[in-house]
Amino acid sequence: MTRRNFIREKKIKCGNDYLEVDIIPITEQEKKIRGKKTKKSPKKLINQNDKRARRYFIQKTNSNFGWGDYHVTATYNKLPKSLEEAEKIVTKYLERLRYHMRKKGIELKYILITEFGTKKDTGQLIRLHHHIIINGGLDRDTVENLWCERRKKGDKKIRLLGFVNADRLQPNEFGLEAVCRYLTKNPNGKKRWSCSQNLKEPDVKTNDSKYSFKKVRELVKTQDREFFEKEYPGYILTQCKAEYTDERGWAIYLKMRRLRI
């Protein structure tokens with residue numbers, strides 16, 4: 001007989017240093033709702049999808065980047081005529097980074113976000129720029145100077161395509177969540193993001209027998225740090241959030257970071 005009411009523990013391991021845990025009731029009512037097309041407003045669906053996408057983006061970034069890596073902001077002195085042209089330019093920049101990293105025996109990893117707006121009357125591109133998270137291995141001057149125009153043979157002068165700045169990433173107890181939220185904030189324009197194929201996915205594991213409804217109700221009240229740190233050894237609790245919805249009842253969401261001794 002299929003179990004209809006239970007608590008699901010979903011552990012999302014983001015690299016070596018961060019762990020998120022969802023403790024979520026799965027109920028018969030929720031199953032019925034999930035099995036049917038529900039009448040939700042387009043705005044609510046967009047908000048839910050945005051929230052999921054932003055959370056995944058944070059988890060994937062934390063799974064692949066940290067101390068010693070860079071956040072690069074790159075702009076243009078002269079805007080490209082089209083988004084496709086801009087993507088070709090930034091792709092060539094990534095190829096130059098890849099070439100210089102390979103000479104050092106390093107494989108380039110990146111997440112690319114292209115942010116842009118368009119004029120209402122003409123559709124002309126405005127405010128076009130790139131945010132790129134890359135792994136470390138090159139010095140800042142090299143990372144910045146490679147954002148340049150193609151040089152003729154024998155020409156040693158560097159002509160930058162625009163303003164470029166490479167900042168060292170500085171994770172805190174939530175990893176790179178702050179910079180990720182900045183990069184995925186609601187823009188005045190639009191955003192596109194892509195990444196290199198060598199990035200690791202967050203490691204997700206589920207367990208449908210660890211928690212009872214009674215235990216969840218108790219933990220909602222106590223938010224017992226000592227209990228959670230005992231259940232997930234090697235990690236320190238950085239955030240415990242309890243949420244109630246009519247569909248599920250009480251759910252608990254944890255954020256934890258690796259204990260460093």
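User: Which residue does Lys10 stand opposite in β2?
Analyst: Lys10 stands opposite Asp22 in β2. This is a predicted model, by the way.

User: What about Arg8, which residue is opposite in β2?
Analyst: Ile24 is the one opposite Arg8.

User: How do β1 and β2 pair, and over how many bridges?
Analyst: They pair in the antiparallel sense, over nine bridges. Strand β1 covers residues 6-14.

User: How many residues sit between β1 and β2 in the hairpin?
Analyst: Three residues lie between the two strands. Gly15 is in the turn, and its phi is positive, about 70°.

User: Which strands make up the open sheet with β1 and β2, and in what order?
Analyst: The order is β8-β1-β2-β10-β9. That is five strands, with antiparallel pairing.

User: Which strands stand at the edges, and what does that leave?
Analyst: β8 (203-207) and β9 (235-245) are the edge strands. Each has a single partner strand, so one side of each has no neighbour in the sheet.

User: What does the twist average from one strand to the next?
Analyst: The average is 15°.

User: Take me across the pairs. How many bridges do β1 and β8 have?
Analyst: Five bridges, in the antiparallel sense.

User: Which helix lies across β1, β2, β9 and β10?
Analyst: That is α6, residues 213-222. Helix α6 runs at about 65° to β10.

User: Where is Gln223?
Analyst: Gln223 is in the loop between α6 and α7 (225-231). Its phi is near 45°, a positive value in a residue other than glycine.

User: How exposed is Gln223?
Analyst: Gln223 is partly exposed. Its relative accessible area is 34%.

User: New topic. What is the strand order in the open sheet with β6 and β7?
Analyst: The order is β6-β3-β5-β4-β7. This open sheet has five strands, paired antiparallel.

User: Which strands stand at the edges there?
Analyst: β6 (164-168) and β7 (190-195) do. Each has a single partner strand, so one side of each is left without a neighbour in the sheet. On average, neighbouring strands here are turned by 15° against each other, direction ignored.

User: How many bridges join β3 to β5?
Analyst: Five bridges join β3 (residues 70-74) to β5 (residues 125-134). The strands run antiparallel. Tyr70 stands opposite Ile134 in β5.

User: Which helix lies across β3, β4, β5 and β7?
Analyst: Helix α3, residues 83-103. The angle between α3 and β5 is about 25°.

User: Which residues line the largest cavity?
Analyst: The lining includes Cys14, Tyr18, Leu19, Glu20, Ile58 and Asn62. Also among the lining residues are Glu173, Phe174, Glu177, Thr238, Lys255 and Met256.

User: Which elements supply at least two residues each of that lining?
Analyst: β2 (18-26), α2 (42-64) and β10 (249-258) do. β2 gives the most, with three residues.

User: How many residues of the lining are nonpolar, polar and charged?
Analyst: Six are nonpolar, two are polar and four are charged.

User: Last, the whole chain. How many helices and strands are there?
Analyst: The chain has seven helices and 10 strands.

User: And what share of the residues is buried?
Analyst: Buried residues make up 37% of the 261 residues.

User: What share of contacts comes from residues 24 or more positions apart?
Analyst: Such residues account for 68% of the contacts in the chain with a separation of 6 or more.

Definitions and conventions: Residues are numbered from 1 along each chain as its sequence is written. This is a predicted model: local features need pLDDT of at least 70, side-chain atom pairs count only at pLDDT 80 or more; totals for chains, interfaces and linings use all residues. Side-chain values use heavy atoms; hydrogens and water are left out. On a 1 Å grid over the protein atoms alone, a cavity is a set of points where a 1.4 Å probe fits but cannot get out, and a pocket is an open set with protein on both sides within 12 Å along at least five of seven lines; lining residues have an atom within 4 Å of a point. Helices (H or I, at least four residues) and strands (E, at least two) are DSSP runs, numbered from the N terminus. Ala, Val, Leu, Ile, Met, Phe, Trp, Tyr, Cys and Pro count as nonpolar, Asp, Glu, Lys and Arg as charged, and the others, Gly among them, as polar. Two strands pair if DSSP finds at least two bridges between them. Axes are lines fitted to C-alpha atoms, for helices over the stretch in contact, and angles run from 0 to 180 degrees between N-to-C directions. Contact means heavy atoms within 4.5 Å. Buried means under 20% relative accessible area, exposed over 50%, partly exposed in between (1.4 Å probe, protein chains only).
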